[in-house]
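Please consult the sequence and the structure below alongside the text.

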Amino acid sequence: MSWRPAPSDRFYRVIVRTGQALRWLFRIRVIVTGREHLPAALPENTRDGAAQSSRRAAAGAGAVVAITHFGYLDFAFAELLLWCHNRAQMRFLITQGAADHWFAGPAVSAAGHVVVGYDTGAHAYDAAVQKLRDGEYIAILPEAGVSRSFEVRECKTGAVRMAAEAGVPIIPVSVWGAHRIMTRHHGFSPRRAWRAPVRVHVGEPFSPDPGLDVPAATEALRRALQAGIDAGIADFPLKPAPGAWWMPAALGGGAPTEQERQRLDEAEGPRRARGRRR
């Protein structure tokens with residue numbers, strides 16, 4: 001078993017500052033709308049991890065941050081946004097396969113993320129709910145996989161169930177443009193990353209009631225995430241060429257249609273242990 005360091009605020013800051021440095025290096029332009037829906041900023045003297053969690057817990061101010069998943073860097077732009085706004089240390093739900101990786105595993109542990117085991121996610125679910133009650137932000141990619149159609153695919157119910165059980169709101173965060181930098185079948189390209197625009201839209205938070213229809217609330221979350229994507233596309237600084245691979249088919253792009261996406265996903269089959277697909 002590889003080294004598993006204890007969660008560290010200092011290590012988390014190193015990760016975030018590395019991301020900020022890379023953004024600066026490639027001059028990536030991040031355009032944000034919906035900032036008014038972000039949690040209130042904390043005073044400077046409570047911006048260390050322990051102090052901010054205690055303050056939010058006292059106010060019942062944890063939150064589930066639901067993020068779209070079109071590319072491999074979507075989470076990073078959402079994380080940087082919350083950090084710059086509120087010094088928020090988001091805890092992601094991470095697969096056991098990533099946690100077992102010799103290089104990524106120690107980083108997952110030191111960042112305080114929640115690991116979802118191979119056989120069951122019950123322990124991770126309970127741990128995430130407790131963190132929410134303790135005033136933490138739990139970040140979830142509810143689509144549970146990259147949407148190669150670049151439309152928000154069906155979402156898992158975990159985000160809604162966690163928020164309802166913990167009594168916290170869900171904050172929808174839609175990221176458009178980060179998939180141009182790196183996504184499935186399109187590896188990282190310095191050329192595409194250079195001065196790349198990335199649109200981030202923060203939707204209006206909503207608080208699921210414990211007695212709410214979970215499938216209906218999950219569909220409402222999917223629609224809110226898609227509305228944020230639509231807003232990002234509408235004023236995206238780059239005009240795509242006809243048939244551009246990074247645009248949805250419904251808008252004249254070269255991405256698979258939703259029907260093709262579903263067929264491709266089914267052909268791959270479910271994920272097996274250690275995160276590999278059949």
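The chain exposes about 13700 Å², and 56% of that area is supplied by carbon and sulfur atoms; accessible areas come from the Shrake-Rupley method with a 1.4 Å probe, and for residues only the protein chains shown count as cover. The model is predicted, so local features need pLDDT of at least 70 and side-chain atom pairs pLDDT 80 or more, while totals for chains, interfaces and linings use all residues. Residues are numbered from 1 along each chain as its sequence is written, and side-chain values use heavy atoms, with hydrogens and water left out.

**Architecture**

- The chain contains ten helices and seven strands, taken as DSSP runs (helices: H or I, at least four residues; strands: E, at least two) and numbered from the N terminus.
- Of the 278 residues in the chain, 45% are buried (buried: under 20% relative accessible area; exposed: over 50%; partly exposed: in between; 1.4 Å probe, protein chains only).
- Among contacts (heavy atoms within 4.5 Å) between residues at least 6 apart in sequence, 74% join residues at least 24 apart.

- Most residues other than glycine have a negative phi.
- A144 is partly exposed, at 41% relative accessible area.
- F150 is located in the loop between strand 5 and helix 7 and, although not a glycine, has a positive phi of about 60°.
- F150 counts as buried because its relative accessibility is 4%.
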